[in-house]
Amino acid sequence: MNCLSNVRLQVTTSIANNSFQIWKWCMSMAEKCTHMRQLKAIHAIYITLGLHRNTYAVTKLLDFCALSNSGDLSYASRIFSQVQTPNTFLYNALIRAYSSSPQPKFSVNYFHLMLKINNDAAPDGFTFPFLFIACANGSLEVEGKQIHSWVIKNSLSASNAHVQTALIRFYAYCKALDDARNVFDEITDIDVIQCNVLMSGHLQCGSAKEALSIFQDMLGRGVSPDEYCVTTTLAACSQLGALEQGKWIHENVMKSEWLESDIFIGSALVDMYAKCGCIHMASEVFESMPTRNKHSWATMIRGFAVHGRPELAVSCLERMQVVDGLKPDGVVILAVLAACAHAGLQKEGQFLLDKMESLYGVAPEHEHFSCVVDLLCRAGRLDDALKLIRRMPMQPRASVWGALLSGCRHHNNVDLAELAVKEILLVEDGNEAEEDSAYVQLSNIYLAARQCDDARRIRRMIGDKGLKKTPGYSAVEIDGMVNEFVSGDVSHPRLADIHELLDLIYLDPDFSNLI
């Protein structure tokens, strides 16, 4: 394809000889495209020969335009518009392409177009998975529910596992977990992928206990877990502090060689044991892993940090290079900085922040600065923390100012607290969760400084804005059963017993020593 005119001449000359060979050649050239310049040249030949209106011929062009990394989605739409009777494949290609694009709404538009004006194309099992992905990515919950109704009306979900999985994923992504569970419960023969999607949805929404319940239900229905399922379940155990259930999963993992050697399961086990208070078990699992990656090292370092072993955390920077030949990345360095912050290692933390780019080729991000700001604030060096923020090479995010605000709370620095809140509100304009957290902390700082009028003013502002503080949450595992406690919750089945015990502790502080 050196020159378009030469190619056209070659094709025209060949027409009289063998039209089938021309067709075959055009199809072959379309399949060999590697960039849009080539495709546009072939498209011009299609138009010259009248192939641009042939549905099958156009599929080769549109497939590249819509689905290739080197394609052009808007050009694919123009090709589609020239086809008089698009088939299901053409519609599906565009629905799939737009589902992960910045304009997922177009996927829904093409679906409605398919239903409205074309009797030769009908949605099939490949249409809906990407259609529901589009609804999830575009926050199109209403449209997704309407499409779900259409699916039920046309009996397309009862026997199609891909459509069922897509529905669960859509509702989980929209945080409509009850709807996701209803779809799941209606499936006669569930598979492990559907369980994974539902568990992940609950875990991301903070419902770790429900995620564990789904795992147990899955085992009860005879579905064998895969590595993703085990990793998700261990993450749920980590969130809940469910050590006994985590140990049970570990014991079962040991029975499967392919699971035991999985690097992600190994890292999840390390994380679970560390968060459940068993740092020795976390270290034992980590050292026994046949292969480790940077994520594994970062997980172990975070465990050492939480358990007050900063020297082991810092030593991992050199160990991972010597033992596994891995160079620390930003995540690993952040874990080490967190260890320094927990232990008050000011010199080590500041040195690592200043030298991380020259030593490891990793430029500091907001999270690294936030960690060192926290480190300085813990040491009472609020002014130095502010100087560090001022010399950041990028605009500080709310996490950085939040670290300073937390330091102000511990050291009752009202002036810097007011500055930090002002900056947080500027950076996170419209983010109610960040506003709420900042105002609540400022109110507490005012109270600690005996500025009650200011504290009341902030509390009144919180009420006027309709902001709500995220309730406190805790969980404890007793005899393999996870008990959850939420501030202000009155639905706990043993609420009366809990209050009775709290009253005894309140009346006699020494009573707690007898428990």
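**Leu140**

I looked up Leu140 and found this residue buried, at a relative accessible area of 10%; buried means under 20% relative accessible area, exposed over 50%, and partly exposed in between (1.4 Å probe, protein chains only). The model is predicted, and local features need pLDDT of at least 70, side-chain atom pairs count only at pLDDT 80 or more, and totals for chains, interfaces and linings use all residues. Residues are numbered from 1 along each chain as its sequence is written, and side-chain values use heavy atoms, with hydrogens and water left out.

I placed Leu140 in the loop between α8 (127-137) and α9 (141-153); helices (H or I, at least four residues) and strands (E, at least two) are DSSP runs, numbered from the N terminus. Leaving aside residues up to four places away in sequence, I list Lys105, Val108, Ala134, Cys135 and Phe170 as touched by Leu140, contact being heavy atoms within 4.5 Å. Phe170 is 30 residues from Leu140 in sequence, and their C-alpha atoms are 9.6 Å apart.

**Helix α13**

I noted Ala208, Ala211, Leu212, Ile214, Phe215 and Met218 as the buried residues of α13. They lie on the same side of α13, because they cover an arc of only 155° around the axis; the arc is that of the directions from the helix axis to the C-beta atoms. I found these buried residues packing against α11 (177-185), α12 (192-204), α14 (227-240) and α15 (243-254). Just after α13, Gly222 has a positive phi of about 80°.

**Helix α25**

I recorded Trp401, Leu404 and Cys408 among the buried residues of α25.
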